Amino acid sequence: MQIIPLFVAIPLGAAFFIPMVGRKNPRLSDTLANITTLALFLMALSVIGKATQVYWMGGWVPRLGIPVGINLVLDGVSIFMLVTITLISFLVTIYSIHYMDKFTSKARFYSLFLLMVAGMNGVALTGDLFNLYVFLEITSIASYALVAFGGQHEELEASFKYVVLGCVASTLVLLGIAITYAMTGSLNMAQVSTIIGGNFKPIHLFTMALFISGFGLKAALVPFHAWLPDAHPSAPAPISAMLSGVVIKTIGIYALVRVMLNVFGMTPLTSYILLVLGTISMVVGVLLCMGQDDIKRFLAYSSISQIGYIVLGFGLGTRLGIAAALFHLINHAVFKSLLFLNSGAVEYATGTRDFSKLGGLKDKMPVTTTTAVIGSMSIAGVPPLSGFWSKLFIIVACVQAERYGFAAWAAGVSVLTLAAYLRMLKRTFYGQPGEAQPAAREVPMSMKLSMVALAALCVVMGMLWMPHAQRTFLIPAARVLQEGLTYASSVLGM
Amino acid sequence: MDLVGYTILIPLAAGAIVRLVPDAFKGLKEGIALVVSALTFYFTIALFREGFVESGYFGKMLFRMDTLSSFVLLFIGFFGLVMVLYSLGFMRGKGNLKEYYSYWLLTLGGACGAVLANDMILFVTFWGFLGFTLYMLVMTGGPKAAGAAKKTMVIVGGTDALLVLAVAIVWVMTGSTSLTQESIPTVTGLSAFAFILFACAAFAKAGAMPFHSWIPDAAEHAPTSVVAYLPASVDKLLGIYLLARISLYLFNLTPGMQLLVLIVGAFTIIAAVMMALVQHDLKRLLSYHAVSQVGYMVLGVATLNPIGVAGGLFHMVNHAIYKGCLFLCAGSVEKEEGTTDLDSLGGLARYMPITFVTCLLAALAISGIPPLNGFVSKWMVYQGIIEMGRGGGYLWVLWLVAAMFGSALTLASFMKVLHAVFLGIRERKAGGDPKEVGLAMAIPMIVLATLCLAFGIFAFSIPLSGFILPAINGISWLSVPDVSQWLGWWSPGMATLFIVAGVGIGLIIYLAGRLKGTRTSSMYVGGEILEPEVRVTGTDFYTTVSDMGFFSTMYRWAEARTFDTYDIGRSISFYFIKGFRAAHTGILPEYLTWTLAGLLVLVLILLR
């Protein structure tokens, strides 16, 4: 039995099954959804450390080294992404058990949620450009619906903006794919890579521009970021956590990096473009985040800034830079999900997200406060929490690549991030009690459980850099990306 | 696991455990804190006696203790115990005790770790973690402390980010992460930049200008015992330890870099003491002195000659002792009177004699009055500056003047404190007279005051030959074989004798006068007979200074926080934030335009 297609098939099946049986019974939906995401997480854990495997759909194996069917590729980066996606989605479904009680149709929520997970798993696994586009759209469309899930004016407006800009992104990507197909006569990523082989004609460069801006839109890199601060805060908190935690990374950054590094191959110019885009996002994102008064908008802008760090690391193109970027990617997935879940807990307990009405929640909500402090310190890069290590290695990688200016920006933005998060902690949890404070209560068990689990991960994830974990998890992923065009030979078995 | 591991891990583990202790067990938190601090102090003594320790884990030499770190470690252990003892009395009955003792112990473990670390990454880990525990400890002061805690963490934690960059540069440049590797010359731009980043972190932790502004704010709102423990003693030890480590070991300073550090030192002394003169709150006043005194340590280390460096290091220890003592006295006053506002205090000497005497000794020590410890170390710093002046140039006069003038102003400022708090007349208040503090609070003050005396009178036999000279001799290019002329022509034993004799003669004259009976008359000012209720609080002693033309402008600006690095940074950030926020109108077509513009730029760049 092949495990690779199951990563897509299981959530896809569950997405249709849950609304059929769980319509009248919300607890049954909870159970089924949690079992599904747990199973996916365990499956992802079970493939860690495996060598590259290729699954040809329908048994259509390549003839004479020329692919004729669609393939799914499970290599180091895919495993890395699968672990990240399934880990966060599992913890988020636990959180949803109680949080989503206040919404009416839980079964539909889980259906859309699992559809999104299926799409992301597909993006992480696929070895085919058009297939990538299909999974990208599954993820996007599910997330458009989830952003509007509350059905209020604000949610609908945000979702509309998200749809419009998301469609622009999809169009750009599709255009890029179409041109690539016209140029090379193939959609298989490995084969396209062997045909282009770092040998660029102007039309290829134009395609690259399309891919960078298309995936950049999905990843919310500045100046393509404008949809995110509206869309992420409007969604229910578990979905905000998914969107900021994994969606923008999978359909934005992962797809971008995969196409740029493995299909086209990195050139000094594209490397420099990524460095600059990353730095601009980092700086603009954190500055915007410092001025927000809505806790979820605050977190959304901060995501833009952190995405900048990840792109900066990838842009260096060195082994250390890529490994550090991947490290920051998974760390950011953990702490940003945690922080969005914290914001959800605050909203759940007080009914508001406005800094001016919050404050002094520390004694009323000790678990939320402690976990939020851990998450904030982690994102701000306070040792020994996970964010410290990934930022440290991104900065070291910048210095090592002699990109001193970018290293200085990374350090400087770290200071601003710290200032921004301390402001959030002060306005929400410490400081003078606000008007929403007297009515606040600590949140129910399932929400606490998932926040505590994520906070614990923030504390221990620095260990991923320990030699053994690094060898089995991070380095195989970084190697696939760094070795760039050898991807083709490992997939096609040449 | 060896002694190094125990010293670091036991307090850290105890800190984590205290956080989980249920509130039902009364006294357990305090008990754990006291026992673990005592144990840690014992470990630090044991390590100090070993002199040189190396300890490797995972095949790396992660920890190394040499003569420089051993005495710093000893004093961290010492202050940990003394201040915990004080906290037992001071914090009794206050909320947040669980967090308080938990972060306290974590701080103790982290500080030991930072001093023992040889690996730079490990050092940064402990160092940054200390910033976080400091933040949480300031936060135990309640909702009002939230602003001060945030400012503290932005400055201290922000410079940690710079430290990370510095470590990255040194690591890539030399290929090693050892803090005790060969000296790197600061001749290239990159290594000079790395040195400056390291120095920023050291200055922020120790509280030298321009990274000092968190100390007065934290001192005002955090529990006084926290201020006595961290900004007044342990953070000073750590900050100056790092400065000494980078200036004497890691980097080889060029004259330009040395000048930079000297400027910071001299400027800190004068500017901070000027601010201290005009404060109306005892804790804020003390905290400005805590900033000002850092200048002496920085000057001492930056002289880069044996006597100056020894003076700087000695001053670091002395300062931790007397400033710790002064803050503890302020805490005692606060506990009894409920305020530290100089305007409403006064006349406490007769109610709180122990606090008065210990405070007097510490105040004289910080003002550099012989034969107390502060005098000896300041004296050595002066000698170091003069020694440096023999190398030529005229700037050294400037440093010397700054140091001596700063000392005089310190004395002036403490005259004001002693008068306003302990002398004069106590304002009539409801609720009975203040009492002397309990034993748990009194012992730490007495111990520290005694050390002020002992380290002054027996300066050469205890501290200097005990740990300062070994630390200097541990640095090959700094060591001097002949230590006989180290103290210049200052002989503490003889001087003490003279001073005691002088005081004795004064006493005899006073008593002789008393025998005859003195004439008393009522106070008479400007033709009016003053009622006994009219008090002279002492806060107005130096308003002449602040009313002078130039100074009044400077003071006005300082009050408006024009010079505060934190506020300058904040206004610059918010200037940009306003612009960016205005650009985000929420109008969809505009966002689409940005997207297309971005695509266009990308196409142009890629296809040019």
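Reply: A helix here is a DSSP run of type H or I with at least four residues, and a strand is a run of type E with at least two, both numbered from the N terminus. Counted in this way, chain B has 22 helices and 6 strands. The model is a predicted one, and its scores are ipTM 0.90 and pTM 0.90.

For chain B, the mean pLDDT is 83, with 90% of the residues at 70 or more. Among the elements of chain B, helix H5 (residues 120-139) has the highest mean pLDDT, 91, while strand S6 (residues 528-529) has the lowest, 64.

Next comes overall shape. A compact globule of 608 residues would have a radius of gyration near 25 Å, and chain B agrees with this because its own value is 26 Å. Along the principal axes, the C-alpha atoms of chain B fill a box of roughly 105 × 65 × 60 Å. Of the 608 residues of chain B, 52% count as buried. Among contacts in chain B between residues at least 6 apart in sequence, 80% join residues at least 24 apart.

Chain B also touches chain A: 41 residues of chain B are in contact with 50 residues of chain A. On the chain A side, helices H6 (153-184), H8 (202-219), H11 (268-290), H15 (386-400) and H16 (404-428) each supply at least two residues. The most comes from H16(A), with 11 residues. By type, the side of chain A that touches chain B divides into 39 nonpolar, 8 polar and 3 charged residues.

Two details of chain A itself complete the picture. One is a pair of strands: S1 (residues 53-56) and S2 (residues 71-74) of chain A pair in the antiparallel sense over 4 bridges. Within this pairing, A:Trp56 has A:Asn71 in S2(A) as its bridge partner. Side chains in a regular strand alternate between the two faces of the sheet.

A:Thr37 counts as buried because 28 other C-beta atoms lie within 10 Å, and the cut-off is 20 or more. Leaving aside neighbours within four places in sequence, A:Thr37 is in contact with A:Thr86, A:Ser89, A:Phe90 and A:Thr93.

Technical notes
Residues are numbered from 1 along each chain as its sequence is written. Chains are lettered from A and ligands numbered from 1 in the order in which they are written. Two residues are in contact if their C-beta atoms, placed from the backbone, lie within 7 Å. Ala, Val, Leu, Ile, Met, Phe, Trp, Tyr, Cys and Pro count as nonpolar, Asp, Glu, Lys and Arg as charged, and the others, Gly among them, as polar. A residue is buried if 20 or more other C-beta atoms lie within 10 Å of its own, exposed if 12 or fewer, and partly exposed in between; C-beta atoms are placed from the backbone. pLDDT is the predictor's confidence in each residue, from 0 to 100. Two strands pair if DSSP finds at least two bridges between them. The radius of gyration is taken over C-alpha atoms; the globule rule is 2.2 Å times the number of residues to the power 0.38.
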